[in-house]
Amino acid sequence: MLDLQLLRSDIDAVASRLAARGYVLDTAAFNVLEQERRTVQTRTQDLQSARNQFSKRIGQAKANGEDIAPLMAESGQANAELAGLEKRLGEIQAELQQLLLVVPNLPHESVPAGKSADDNREVRRVGAPRPFDFTAKDHTDIGTALGLLDFETAGKISGARFTLMKGPLARMHRALAQFMLDVHTEEHGYTEVYVPYLVNAASMRGTGQLPKFEEDLFKIPRQSFDDEAVYAEIAQGDKVATSVQAKFLDTSLYLIPTAEVPVTNMVRDQIVALEKLPLKFVCHSPCFRSEAGSYGKDTRGMIRQHQFDKVELVQIAHPSRSYELLEELTGHAESILKRLELPFRTMALCTGDMGFSAAKTYDLEVWLPGQSAYREISSCSNFEAFQARRMQARFRNEKGKPELAHTLNGSGLAVGRTLVAILENYQRADGGVDVPAALKPYMGGLDVIRQAT
């Protein structure tokens, strides 16, 4: 969420920066609310001051034996007006917060200007696509021919956009996650965490998925018995609670679209000690996405699934170091591709292609011979204080005062897409798939994945 004071000080500049990423800020709506807020707040402060004066005047009138009835009546009217204004002020503040919750982050000055993925800038390219002396297949044909990738059975069990893996392919999927975790914990200094796969709405709001992207989430409707509401009615003499609504609370949960949500929310409403920064966490988890906006896209294979695994990197950083750490985190994700000897390129996303919460993003795109194209396998982003402001995630700065932290995350990597890249880049003419050298210790020394028998 953007800093409210920033909008109050120069809303036109904020609107201009947002326009660079294709977002039109409703400045008129903001200005109307802000003008009312100032008017109501000024009147509220005047009445609060008057209330204090009334107490003093009433006390003096009593001491002088004067009739205090007129003062009491006047005081009562002022208090009634004050109560109404305080209520309205709270409503205005809530409306301003709701407006800000759907406004994206401001792009960093180093982000290239552009409208779409066509305007993204290539930062570097590592490795060259392998030349094949046979026609390269895509991962769907390779895995199906091996008898180890079964979309038909997955569809029978769950529907479209699900995958079932067997035998050495399932083992390689598991091996990839373990390999990534080992590298990131043993060499890159991350602490491994295991987190819930179901989170509440507050956690989704904290990292920016709610309210804007609710249709992309899998929501689990749920209600809990509200003991306090029922006990309150019983205490008032009602043996049976009269209001059905009072008995239940909406405690709906959401399946996580990425481990970024629960891991980053670990510091929600906390003040981290300065000397503990940066906090570095790595988490392997399944991810669940409805893919509501991708109808007809990537329906074949494992590229766009409702359920997939990912190893996520999260850092909680001092603002002065966050861009240095973005480069570091991106390098950590790149190192996995290098060790697996998969050709890739690193792209700086333009203003029009960045995610809602990001101030700057690098996408890692791996080469897929079956598609003759580079496809995204990781996004590494600096959100600056955008998420921290929503979560009130702070640290105690050099002066001992609480200050908003910067949050960063990136896939290190998406496990399913890494498996796809291995199937396509390590395919053999005989239909088998060579096992990358870095994975052999995790595959029991297996050299080649061959057709299931």
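Helices here are DSSP runs of H or I with at least four residues, strands are DSSP runs of E with at least two, and both are numbered from the N terminus. This is a predicted model: local features need pLDDT of at least 70, side-chain atom pairs count only at pLDDT 80 or more, and totals for chains, interfaces and linings use all residues. Residues are numbered from 1 along each chain as its sequence is written, and side-chain values use heavy atoms, with hydrogens and water left out.

I'll start with Gln305. Gln305 sits in the loop between strand E11 (279-288) and strand E12 (307-317). Is Gln305 buried or exposed? Gln305 is buried, at a relative accessible area of 6%; the cut-offs are under 20% for buried, over 50% for exposed, and in between for partly exposed, with a 1.4 Å probe and protein chains only. The side chain of Gln305 makes a polar contact of 2.3 Å with the side chain of Thr163. By polar contact I mean a pair of N or O atoms within 3.5 Å; within protein, one must be able to donate a hydrogen and the other to accept it, and residues adjacent in sequence count only if both atoms are side-chain atoms. A polar side-chain atom of Gln305 also lies 3.0 Å from the backbone oxygen of Gly301.

Next, the nonpolar cores. A nonpolar core is a set of buried Ala, Val, Leu, Ile, Met, Phe, Trp, Tyr and Cys residues joined through side-chain atoms within 4.5 Å. The largest one has 50 residues, and Met172, Leu176, Ile422, Leu439 and Ile449 have the most contacts inside it. Helix H6 (residues 167-186) supplies the largest share of this core, nine residues. Apart from it lies another core of 32 residues, including Tyr23 and Leu47.

Now some backbone geometry. Most residues other than glycine have a negative phi, and most peptide bonds are trans. Which peptide bond ends at Pro278, and is it cis or trans? The bond from Leu277 to Pro278 is cis, with omega near -5 degrees. The bond from Gly412 to Leu413 is cis too, with omega near 20 degrees, and Leu413 is in strand E18 (residues 406-414).

Glu341 has a positive phi of about 55 degrees and counts as exposed, at 57% relative accessibility. Glu384 also has a positive phi, near 50 degrees, but is partly exposed at 22%. Glu384 lies in the loop between strand E15 (373-382) and helix H12 (386-391). Glu384 and His406 are 22 residues apart in sequence and 4.4 Å apart in space, C-alpha to C-alpha.
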